[in-house]
Amino acid sequence: MNKAYILVIDGNDSDQFLAERLIKKFDASIKVFKALTLQDALTLLGTGLRPGLIFLDAAMDRMDGYSFLDHYIEKQYDIPVFIVSSFNDFLTGPQKQEYLKHDCVKGFYDKPLHSALVQEIFGTV
């Protein structure tokens, strides 16, 4: 897996900024690509970008995380996806079970991200 590139998909600029800072703090050599919409993320992946992992905010406007994963699976990308959400329902409810049906989903994490969490995630891939 190529950890040199990470894709952060989050509709909130502040959360993207925080994720990038934490990733760079973990390893300054990692290049962080950011997408404000799920469509932007699919466009980036369509250009050939193959990040080592994806941070996906499950609750975004216009396209939800399920739709993104359907497109992702259709294209047969093989990139670990970590779901981040500020909504507890995604972390504990039936939505979590739906996401776990996708082999690419490797974990669920509550926002905001923090240093220990980023370190844990990088330790799993």
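Predicted model: local features only at pLDDT ≥ 70, side-chain atom pairs only at ≥ 80, totals over all residues.
The protein chain contains 6 helices and 5 strands. Along the sequence these elements follow the pattern β-α-β-α-β-α-β-α-α-β-α. Of the 125 residues in the protein chain, 45% count as buried. Among contacts with a separation of 6 or more, 72% are made by residues 24 or more positions apart. The protein chain has an accessible surface of about 6,700 Å², and carbon and sulfur atoms account for 48% of this area.

The 5 strands form an open sheet in the order β2-β1-β3-β4-β5, with parallel pairing. Strands β2 and β5 are the edge strands, each of them pairing on one side only. On average, and with direction ignored, neighbouring strands of the sheet are turned by 20° against each other. In general, strands of a sheet pair through backbone hydrogen bonds, in either a parallel or an antiparallel sense.

Strand β4 illustrates this pairing on both of its sides. Strands β3 and β4 run parallel and are joined by 4 bridges, while β4 and β5 pair in the parallel sense over 5 bridges. Towards β5, F82 has G107 as its bridge partner, and the bridge partner of I83 is F108. Strand β4 is mostly covered, with 5 of its 5 residues buried. In a regular strand, side chains alternate between the two faces of the sheet. Accordingly, V81, I83 and S85 point one way from β4, whereas F82 and V84 point the other way, and all are buried.

Helix α1 lies across β1, β2 and β3, and runs at about 165° to β2. Helix α6 lies across β1, β3, β4 and β5, and its direction makes an angle of about 175° with β5.

Side chains of opposite charge can pair when their charged atoms come close. One of these salt bridges is formed by D15 and K111, whose closest N and O atoms are 2.9 Å apart. D15 lies in helix α1 (residues 13-26) and K111 in the loop between β5 (105-110) and α6 (115-124), so this pair ties together parts that are 96 residues apart in sequence. D15 counts as partly exposed, with a relative accessibility of 22%, whereas K111 is buried at a relative accessible area of 14%.

K111 also forms a salt bridge with D57, with the closest N and O atoms 2.8 Å apart. This pair links distant parts of the chain, since D57 lies in strand β3 (residues 53-57) and K111 in the loop between β5 and α6, 54 residues apart. D57 has a relative accessibility of 7%; under 20% is the criterion for burial, and D57 therefore counts as buried. Through shared partners, salt bridges join D10, D15, D57 and K111 into one network.

A further salt bridge is found between the side chains of E20 and K34, with an N to O distance of 2.9 Å. This pair likewise links distant parts of the chain, with E20 in helix α1 and K34 in strand β2 (residues 31-35), 14 residues apart. K34 counts as partly exposed, at 38% relative accessibility.

Notes
Residues numbered from 1 in each chain as written. Heavy atoms only, no water. Helix = DSSP H or I, 4+ residues; strand = E, 2+ residues; numbered from the N terminus. Buried < 20%, exposed > 50% of the residue type's maximum accessible area, 1.4 Å probe, protein only. Contact = heavy atoms within 4.5 Å. Areas by Shrake-Rupley, 256 points an atom, 1.4 Å probe, with all protein chains shown as cover. Salt bridge = Lys/Arg side-chain N within 4 Å of Asp/Glu carboxyl O. Pairing = 2+ DSSP bridges. Axes fitted to C-alpha atoms, helices over the stretch in contact; angles between N-to-C directions.
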